[in-house]
Amino acid sequence: MTALLEVRGLKMHYGTVKGDVKAVDDVSFSLEAGESLGIAGESGCGKTSVALALMKLQPGNAKFLGGSITLDGMNVLALDDEKIRREVRWKRISMVPQAAMNALNPVFTVKDQIIEAILTHEDVSEKEAEKRTLELLKRVGIDPSRAGNYPHEFSGGMKQRAMIAMALACNPEIVIADEPTTALDVIVQAQVLKVIKTLQRDLGLSMILISHDLSVVAETCERTVIMYAGSIVENTSTVEMFRHPLHPYSVGLIGAFPKLTGERKRLESITGNPPNLLDPPPGCRFHPRCPHARDVCTRIVPPLLETHENHMVACHMVNRHPEYR
Ligand code: SF4
């Protein structure tokens with residue numbers, strides 16, 4: 001099956017006065033139509049940078065140094081700003097941004113902001129845009145009678161739902177949700193995740209959910225990708241990831257995560273801190289923190305290889321590198 005979205009060897013750095021921040025290095029993954037993919041990892045591991053690159057919304061100091069992003073056969077990186085605005089953003093790929101709750105404009109009503117998003121991207125009448133807005137709000141669980149409210153009249157959960165409605169305004173094929181529940185309390189978080197899951201299933205959306213919280217990814221996604229220091233270290237189905245994580249970083253992350261069932265165990269933490277991406281360690285970027293590191297790990301970057309069916313890992317130990325002794 002051809003993937004709807006294919007990212008191959010993506011490399012994007014940020015130029016700063018201190019040098020290049022190697023934020024995204026050799027990132028490859030694909031997304032099938034209707035699939036939900038979670039990208040997880042500690043803060044600063046490059047998750048949001050990947051998401052921004054997919055829509056070419058990267059900051060001005062970002063440099064693409066290699067790789068490709070292909071959306072349904074179209075080379076996204078080769079599109080100029082006008083084309084990406086007209087043909088991709090919001091219409092084919094949309095985003096619920098980080099801190100979405102503060103993304104609504106306080107001086108316009110929620111309804112007017114969603115109508116505006118539709119009118120900017122589609123050639124429809126204002127009446128049609130309004131009809132669609134009210135339907136969208138209903139879909140995300142907001143009573144259409146509240147559509148004329150200003151953002152400050154909405155609770156945090158309602159604002160988040162309104163942003164999800166806005167992301168769906170132009171019927172995109174792919175929705176990227178970047179930390180969609182971070183600022184919400186657990187009850188509202190569960191409600192918003194339910195809305196996202198239901199919409200994904202009912203509308204047949206492809207979804208990329210970015211979170212530092214593994215429970216959010218486990219709850220919502222069929223496939224999980226773990227990123228560490230700008231690279232993907234493991235990629236497999238969510239069930240497999242939580243049952244049989246193989247990369248030492250994934251094992252550490254999942255081990256640090258409290259379980260609701262089974263025997264009560266002391267939670268283990270990963271020692272050390274993620275590296276400074278201005279000057280990441282050579283070889284495997286995880287080697288200074290890895291309990292299994294050997295000499296080869298300090299010299300050679302482990303490639304992401306399919307170790308088992310549908311399970312890719314970037315680790316010399318797991319992939320039995322001949323020099324791993
Ligand atoms: Fe650890 Fe080496 Fe595997 Fe990196 S490549 S995770 S350092 S064993």
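In general, a disulfide is a covalent bond that links the sulfur atoms of two cysteines. The structure is a predicted model, in which local features need pLDDT of at least 70 and side-chain atom pairs count only at pLDDT 80 or more, while totals for chains, interfaces and linings use all residues. Residues are numbered from 1 along each chain as its sequence is written, and side-chain values use heavy atoms, with hydrogens and water left out.

The residues that come nearest to the ligand, out of the 14 around it, are C284, C290, C297, C315 and H316; a residue is near a molecule or strand if one of its heavy atoms lies within 4 Å of it. The shell around the ligand comprises 10 nonpolar residues, 4 polar residues and no charged residues. In this classification Ala, Val, Leu, Ile, Met, Phe, Trp, Tyr, Cys and Pro count as nonpolar, Asp, Glu, Lys and Arg as charged, and the others, Gly among them, as polar. C297 counts as buried because its relative accessibility is 8%, and C315 counts as buried because its relative accessibility is 10%. The term buried means under 20% relative accessible area, exposed means over 50%, and partly exposed lies in between (1.4 Å probe, protein chains only).

The protein as a whole has 10 helices and 12 strands. These elements are DSSP runs numbered from the N terminus, with helices being H or I runs of at least four residues and strands being E runs of at least two. The radius of gyration is 21 Å, close to the 20 Å that the globule rule gives for 325 residues, so the protein is as compact as a globular protein of that length. This radius is taken over C-alpha atoms, and the globule rule is 2.2 Å times the number of residues to the power 0.38. The C-alpha trace spans about 70 × 50 × 45 Å along the principal axes of the protein. Of the 325 residues, 49% count as buried. Among contacts between residues at least 6 apart in sequence, 62% join residues at least 24 apart, a contact being defined by heavy atoms within 4.5 Å.

Two helices illustrate how secondary structure elements are covered. Helix α3 (residues 110-121) has 12 residues and reaches 17 Å from its first C-alpha to its last, close to the 16 Å expected at 1.5 Å a residue; the expected span is 1.5 Å times one less than the number of residues in the helix. In α3, the buried residues are V110, Q113, I114, I115, A117 and I118, and their cover includes α4 (126-139) and α5 (156-167). Helix α9 (residues 248-255) is mostly covered, with 6 of its 8 residues buried. The buried residues of α9 are P248, Y249, S250, G252, L253 and I254. Their cover includes α7 (214-220), β9 (223-228), β10 and α8 (238-243).

K47 lies in helix α1 (residues 47-54) and is buried, because its relative accessible area is 4%. Neighbours within four places in sequence aside, K47 is in contact with I39, A40, G41, E42, E179, I210, S211, H212 and M227. K47 and I226 are 179 residues apart along the chain, and their C-alpha atoms are separated by 9.2 Å. I226 is also one of the residues touched by S231, together with D25, V27 and C45, not counting residues up to four places away in sequence. S231 belongs to strand β10 (residues 231-237) and is buried, because its relative accessible area is 19%. F286 is placed in the loop between α9 and α10 (295-299) and counts as buried, because its relative accessibility is 2%. Apart from neighbours within four places in sequence, F286 is in contact with Y228, H247, P248, Y249 and I270. The C-alpha atoms of F286 and I187, 99 residues apart along the chain, are separated by 35 Å.

Positive phi values were also found. N171, a residue other than glycine, has a positive phi near 50 degrees. N171 is located in the loop between α5 and β7 (174-178) and is exposed, because its relative accessible area is 55%. R320 is not a glycine either, yet its phi is positive, at about 50 degrees. R320 lies in the segment after β12 (311-313) and counts as exposed, because its relative accessibility is 73%.
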